[in-house]
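Please read the following with the sequence and the coordinates open. The text starts with one bond and then moves to the chain as a whole and to single residues.

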Amino acid sequence: MILADNGFDVWISNIRGTRYSRRHVTLDPDSADYWNWTWDDLVAHDLPALVDLVFKQTGRKIHYIGHSMGTLIALASFSEGKQIDKVKSAALLSPVAYLSHMTTALGDVAARAFVSEITTIFGLAEFNPRGEPVSDFLKVLCAQAGVDCYDLITALTGKNCCLNASTVDHFLKNEPQSTSTKNLVHLSQTVRDGVLSKYDYGSNDFNQAHYGETKPPRYNLTNIPHDFPLFLSYGGQDALSDVQDVETLLDNLKYHDVEKLHVQYIKDYAHADFIIGITAKDIVYNQIISFFRNQG
């Protein structure tokens with residue numbers, strides 16, 4: 001709404017599988033085939049299709065804003081040169097590329113569980129946080145030592161500084177949304193392996209069949225054009241987009257043109273502050289608008 005008030009033409013997308021994005025030309029969301037995807041598919045198909053649609057409708061390059069997984073798919077997609085010629089700049093909040101320093105206890109326990117046993121419990125289908133099987137699974141995780149799920153937002157995202165109760169209530173009525181189990185396995189591989197690569201099918205033969213090589217190919221973020229305008233904002237209390245992991249990302253961008261890379265560090269912010277924090281307009285969003293306007 002702030003962007004619209006400032007004269008921007010705003011297009012909002014939903015990641016597939018969420019409540020507002022369950023339609024498909026041929027597949028039914030109740031079928032396992034519908035859920036046979038990871039963020040690789042968002043990188044290769046969904047984000048490029050979205051950019052192409054907006055570009056064709058407007059005839060103008062777009063400014064992109066992503067938060068969390070929205071930053072991951074953008075970075076990976078830009079590194080592969082997909083539609084970047086139709087994007088004018090990107091603002092990435094709580095950027096997620098590397099996840100090996102994730103400090104949330106629940107996330108750490110969940111990541112280990114997903115890689116090892118989750119697929120045998122759920123199969124490769126929908127992971128619905130509001131469904132009974134997932135609810136039972138979360139109860140088991142929350143019972144483990146060191147995991148406090150009394151405050152679920154803090155357990156998942158870190159100690160947010162600037163949320164108010166009514167916003168949190170509204171947030172929890174709509175979040176979290178469904179994703180594919182396979183997608184969570186892929187994110188967990190990123191936590192475990194400390195590298196940004198395509199989905200690991202778990203055996204040399206399966207990887208060979210999918211990729212023509214025994215190891216999943218890596219995304220090389222140094223391939224992002226060095227003159228592409230980037231705005232990154234990250235928080236000191238963020239348990240998902242941990243400071244050390246963001247520093248690894250920034251190291252990948254060390255050859256970026258200095259005047260094209262804008263980095264904002266907010267010491268008190270955690271993962272949810274960037275989207276529902278009461279101070280986000282003054283601290284973050286106004287900076288993004290200035291950044292976009294400076295790109296012409």
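A disulfide is taken here as a pair of cysteine sulfur atoms within 2.5 Å. In general terms, a disulfide is a covalent bond between the sulfur atoms of two cysteines. This is a predicted model, in which local features need pLDDT of at least 70, side-chain atom pairs count only at pLDDT 80 or more, and totals for chains, interfaces and linings use all residues. Residues are numbered from 1 along each chain as its sequence is written, and side-chain values use heavy atoms, with hydrogens and water left out.

The structure holds one disulfide. The bond joins Cys-161 to Cys-162, with an S to S distance of 2.2 Å. The torsion about the S-S bond of Cys-161 and Cys-162 is about -90°, so the disulfide is left-handed. For exposure, buried means under 20% relative accessible area, exposed means over 50%, and partly exposed lies in between, with a 1.4 Å probe and protein chains only. Cys-161 has a relative accessible area of 36% and is partly exposed, whereas Cys-162 has 13% and is buried.

Now the protein as a whole. Its secondary structure comes to 12 helices and six strands; these are DSSP runs numbered from the N terminus, helices being H or I with at least four residues and strands being E with at least two. The radius of gyration is taken over C-alpha atoms, and the globule rule is 2.2 Å times the number of residues to the power 0.38. For 296 residues a compact globule would have a radius near 19 Å, and the protein agrees because its value is 19 Å. Along the principal axes, the C-alpha atoms fill a box of roughly 50 × 50 × 35 Å.

Buried residues make up 45% of the 296 residues. Contact means heavy atoms within 4.5 Å. Among contacts with a separation of 6 or more, 75% come from residues 24 or more positions apart. The side chains include 25 positive and 35 negative ones, and the centres of the two sets lie 5 Å apart. In that count Lys and Arg are positive and Asp and Glu negative, while His and the chain ends are not counted; each charge is placed at NZ of Lys, CZ of Arg, CG of Asp or CD of Glu.

Most residues other than glycine have a negative phi. Ser-68, however, has a positive phi near 60°. Ser-68 is found in the loop between strand E1 (62-67) and helix H3 (69-79), and at 18% relative accessibility it counts as buried. Gln-83 also has a positive phi near 60°. Gln-83 lies in the loop between H3 and strand E2 (87-93), and with a relative accessible area of 18% it is buried.

Further along the chain, which residues does Ile-266 touch, not counting residues up to four places away in sequence? They are Ser-233, Tyr-234, Gly-235, Gly-236, Phe-274, Ile-283 and Val-284. Ile-266 is found in strand E6 (residues 261-266) and is buried at 9% relative accessible area. The C-alpha atoms of Ile-266 and Gly-236 are separated by 6.1 Å, although the two residues are 30 apart along the chain.

Lys-215 is in the loop between helix H9 (204-211) and strand E5 (230-235). Lys-215 is exposed, with a relative accessible area of 57%.
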